[in-house]
Structures are given as structure tokens and as C-alpha cells.
Amino acid sequence: MLVEKALKSDEQLVEEIRAGDRGSLQDLYERYEYYVYSIAAGVCHQNCDAESVTVTVFWQLWKRPQSYDPARGSVRLFLFLLARSRSLVLVGREFNLGVNLLVASDEIRNRQGQRRAARPATAASQGSIERQLRISVEELPGELSL
């Protein structure tokens with residue numbers, strides 16, 4: 001005879017997570033993983049980022065279950081807001097990284113342009129050195145004896 005496992009409330013699962021019960025974390029993960037992932041994917045627009053956010057949300061709940069305050073809302077709302085928050089942080093970091101890379105590449109181009117403008121004779125003298133070297137190499141005898 002099959003005995004059905006009674007479904008625990010989200011709040012009960014969080015209480016058990018606070019007591020260190022990994023099975024309760026697994027149950028909560030299975031219950032909300034799809035929704036947390038969907039929220040993260042909607043913000044991040046990349047599967048790998050959404051997966052990272054999903055893992056981070058449940059890891060944070062495991063490491064700091066006291067961060068959930070029942071007076072502020074349901075467990076589901078807590079997880080969804082945490083997913084959105086972590087997603088926005090991740091997107092913000094990636095955006096800032098992209099902006100910083102663009103600024104850095106512009107700065108490098110500007111500095112290179114300033115160096116070239118400050119030393120116009122360098123390019124001309126470089127060309128003349130290469131020309132002189134070519135002429136000198138052509139003037140070498142066909143076979144050199146040591």
C-alpha cells in the first residue's frame with residue numbers, strides 16, 4: 001500500500017532548512033526552481049546567467065535561512081524577489097564591465113593617437129631605416145665566407 005507524503009507548507013520547509021535539513025531545501029527547490037529560473041531568464045536573457053542566479057538564490061536560502069522573514073511576505077515572494085534582485089545585480093555587473101571595456105578601449109586608442117601625433121617624425125624615420133636596411137642587405141655579396 002502506497003503512503004502519500006504529506007505536502008509541507010513553504011514555511012515549514014524553511015523552518016526545517018533553518019534546522020539544517022537538506023531534504024527540505026531539495027523539496028523547496030523542486031517546488032520553485034522553474035519559477036525562479038524563469039524570472040532570472042526574463043531579466044538576464046541568457047540561460048547560463050539564469051542558471052547561476054537560480055543556484056545562488058537557493059544557496060543563499062541554505063546559507064542564511066534567517067534572511068526570510070515571514071512578516072514581510074510568503075516564501076514564494078521572497079524567492080521571486082531574490083531571483084529578480086540577483087538577476088539585476090548580475091546584469092548590472094555585466095553592463096558595467098562592457099562599459100568599462102569600451103571606455104578603456106577608447107582611452108587606449110586616444111593615447112595611441114596622441115603618441116603618434118606627438119612623434120610624427122618617428123614613423124618617417126622608421127620607414128627610412130627600413131629602406132636603408134633593405135639597400136644594405138641587397139649590397140651584401142652573394143656568399144659570405146667565414
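Select lysine 8 to begin: with 32% relative accessibility it counts as partly exposed, the class that lies between buried (under 20% relative accessible area) and exposed (over 50%), computed with a 1.4 Å probe on protein chains only. The model is a predicted one, in which local features need pLDDT of at least 70 and side-chain atom pairs count only at pLDDT 80 or more, while totals for chains, interfaces and linings use all residues. Residues are numbered from 1 along each chain as its sequence is written, and side-chain values use heavy atoms, with hydrogens and water left out.

**Around lysine 8**

Lysine 8 belongs to the segment before H1, where helices (H or I, at least four residues) and strands (E, at least two) are DSSP runs numbered from the N terminus. Now show the side chain of glutamate 16 as well, since a polar contact of 2.9 Å joins it to the side chain of lysine 8; a polar contact is a pair of N or O atoms within 3.5 Å, and within protein one atom must be able to donate a hydrogen and the other to accept it, with residues adjacent in sequence counting only if both atoms are side-chain atoms. If neighbours within four places in sequence are left aside, lysine 8 is in contact with Leu13, Glu16 and Arg31, contact meaning heavy atoms within 4.5 Å. A C-alpha to C-alpha distance drawn from lysine 8 to serine 24 gives 9.1 Å, although the two are 16 residues apart in sequence.

**Helix H1**

Select residues 10–18, which form helix H1, and colour its buried residues Asp10, Leu13, Val14 and Ile17. These four cover an arc of only 100° around the axis, which puts them on the same side of H1; the arc is that of the directions from the helix axis to the C-beta atoms. An α-helix has 3.6 residues a turn, so residues three or four places apart point the same way. Just after H1, stop at glycine 20, which takes a positive phi of about 95°.

**Helix H2**

Move on to aspartate 21, which caps the N-terminal end of H2 with a side-chain oxygen 3.1 Å from the backbone nitrogen of glycine 23. Then select residues 22–44, helix H2, whose end C-alpha atoms span only 28 Å, whereas a straight helix of 23 residues would span 33 Å at 1.5 Å a residue; the expected span is 1.5 Å times one less than the number of residues. Just after H2 comes histidine 45, with a positive phi of about 65°.

**Helix H3**

Next select H3, whose 17 residues should span 24 Å at 1.5 Å a residue, and whose end C-alpha atoms are 24 Å apart, in agreement. Its buried residues are Asp49, Ala50, Val53, Thr54, Val57, Phe58, Gln60, Leu61 and Trp62.

Pick phenylalanine 58 within H3; at 4% relative accessibility it counts as buried. Beyond its neighbours within four places in sequence, phenylalanine 58 is in contact with Leu25, Leu28, Tyr29, Tyr32, Glu33, Val36 and Leu79. Its C-alpha atom lies 9.3 Å from that of alanine 83, 25 residues away in sequence.

Glutamine 60, also placed in helix H3 (residues 47–63), counts as buried at 10% relative accessibility. Not counting residues up to four places away in sequence, glutamine 60 touches Pro65, Ser67, Leu82 and Arg86.

Is valine 55 buried or exposed? Valine 55, in helix H3, counts as exposed at 54% relative accessibility, and its C-alpha atom is separated by 8.9 Å from that of glutamate 33, 22 residues apart along the chain. Threonine 56, in helix H3 too, counts as partly exposed at 31% relative accessibility.

**The whole chain**

Finally, zoom out to the chain, whose secondary structure comes to 5 helices and 0 strands. Buried residues make up 19% of its 146 residues, and among contacts between residues at least 6 apart in sequence, 59% join residues at least 24 apart.
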